[in-house]
Structure formats: structure tokens, C-alpha cells
Amino acid sequence: MTALEHGLRRTAGTFAVVGVINTIIDFGLFALLHDPLGITLGNLLSTAAGMTFSFVVNGLVTFKAERLTLRHALTFIGTTGTVLWVVQPIAIHLLLGVLPHDLPVDRVLVAKACTIGISFVLNFAAYRWVVWPLEKKTSP
């Protein structure tokens with residue numbers, strides 16, 4: 001295994017742990033909010049809470065930024081917002097069209113859980129190559 005592969009594997013592992021915590025925040029709030037506020041607003045608020053946690057912890061711990069900058073914040077909000085506020089609600093509604101109506105659990109929550117895997121892949125790629133790209137080492 002090359003150093004790059006090892007580094008990506010370690011980074012992906014840390015990202016996954018942060019993602020589990022941020023998903024608990026997101027999913028828990030969504031479960032509480034989707035009935036009274038609707039899918040779109042409930043998803044907006046739950047993902048915003050998860051995003052705030054994710055930005056700080058992924059930036060400083062997972063991708064080892066020395067500090068969080070305005071550029072990081074703007075690219076993070078742009079990429080994550082696209083995934084969580086555009087892709088997820090569309091995917092939830094599409095999945096509701098194909099999930100059986102007689103599920104023994106809340107269909108909306110099943111659809112939301114399915115979109116988490118999509119979000120994981122898209123967000124990891126965006127964070128690694130757009131928000132916190134690997135810095136090129138220059139020799140003295």
C-alpha cells in the first residue's frame with residue numbers, strides 16, 4: 001500500500017467516525033422535525049446542525065487544516081449544501097415513490113437513511129478534493 005493510499009484510508013476512516021456522529025445529529029433532529037415542519041424544512045434544519053459539527057471536526061481533525069478559513073467555509077457550505085439541501089430532498093421524494101406503503105416503519109425515515117450513503121460518498125470527494133485539497137509539498 002502506498003503512502004497516498006494509506007493516507008486516504010486513514011482519512012476516510014476518520015471521516016466515517018465523524019460522519020456517524022454528524023448523522024446521529026442529522027437523523028435524530030430530522031426524526032423530530034419532519035412531521036411538524038415538513039420534509040424540506042425539517043431536512044434543512046437537521047442538516048444545518050450536522051453540517052456545523054462536520055465543518056469544525058472534519059476541517060480540524062479529519063483533513064488537518066491548520067485553521068478554518070473563509071474559503072473553507074464557503075466551499076464547504078456550497079458543496080455540502082448542494083448534497084444535503086438539493087440531492088437529499090430530491091432523493092427522499094424519489095424513494096418515497098418506490099418504497100412500499102405498508103412498511104412497518106416510517107417510510108420517510110427509511111428514505112432519509114438511504115440517502116445518507118449517497119451523501120457520504122459525495123461529501124468525502126468534495127471535502128478531499130475541493131474544500132481541503134491535499135497540499136503539494138515543495139522541496140527546499
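User: Hi! How many Å should the residues of helix α4 span, and how far apart are its end C-alpha atoms?
Analyst: Hi there! This is a predicted model, and in it helix α4 covers residues 107–131. At 1.5 Å a residue, its 25 residues should span 36 Å, and the end C-alpha atoms are 33 Å apart, which agrees.

User: Nice. Where does α4 bend?
Analyst: The bend in α4 is at Ile118, and it is about 25°.

User: And what goes on at the start of α4?
Analyst: There, Asp106 has a side-chain oxygen that comes within 2.9 Å of the backbone nitrogen of Val108.

User: Let's zoom out. How many helices and strands are there in the protein?
Analyst: The protein has 4 helices and 0 strands. Going along the sequence, you read the pattern α-α-α-α.

User: What does the C-alpha trace span along its principal axes?
Analyst: About 65 × 35 × 20 Å. As for burial, 36% of the 140 residues are buried.

User: How many salt bridges does a search of the whole structure find?
Analyst: It finds 1 salt bridge. The partners are Lys112 and Asp26, whose side chains meet at 3.1 Å, N to O.

User: Which helices do those two lie in?
Analyst: Lys112 lies in helix α4, while Asp26 lies in helix α1, residues 3–37, so the pair ties together parts that are 86 residues apart in sequence.

User: Are Lys112 and Asp26 buried or exposed?
Analyst: Lys112 is buried, and Asp26 is buried too.

User: Where is the kink in α3 centred?
Analyst: On Gly81, and the kink is about 30°.

User: What about Thr79, which helix is that in?
Analyst: Thr79 is also part of α3. A polar atom of the Thr79 side chain lies 2.9 Å from the backbone oxygen of Thr75.

User: Is Lys64 buried or exposed?
Analyst: Exposed, because its relative accessibility is 53% and the cut-off for exposed is over 50%.

User: Last topic: the surface. Which residues make the nonpolar patch?
Analyst: The patch is made by Leu37, Leu41, Leu44, Leu45, Ile77, Trp85, Val86, Ile90 and Leu94, and it has an area of about 760 Å². The elements that give two or more residues to the patch are α2 (39–62) and α3 (70–98).

User: Which of them gives the largest share?
Analyst: That is α3, with 5 residues.

Methods:
Residues are numbered from 1 along each chain as its sequence is written. This is a predicted model: local features need pLDDT of at least 70, side-chain atom pairs count only at pLDDT 80 or more; totals for chains, interfaces and linings use all residues. Side-chain values use heavy atoms; hydrogens and water are left out. Patches are made of residues with over 30% relative accessible area and no salt bridge: like charges are joined within 9 Å, nonpolar side chains (Val, Leu, Ile, Met, Phe, Trp, Tyr) within 5 Å. Accessible areas come from the Shrake-Rupley method with a 1.4 Å probe; for residues, only the protein chains shown count as cover. A salt bridge is a side-chain nitrogen of Lys or Arg within 4 Å of a carboxyl oxygen of Asp or Glu. The bend at a residue is the angle between axes fitted to the seven residues ending there and the seven starting there. A polar contact is a pair of N or O atoms within 3.5 Å; within protein, one must be able to donate a hydrogen and the other to accept it, and residues adjacent in sequence count only if both atoms are side-chain atoms. Buried means under 20% relative accessible area, exposed over 50%, partly exposed in between (1.4 Å probe, protein chains only). The expected span of a helix is 1.5 Å times one less than its number of residues.
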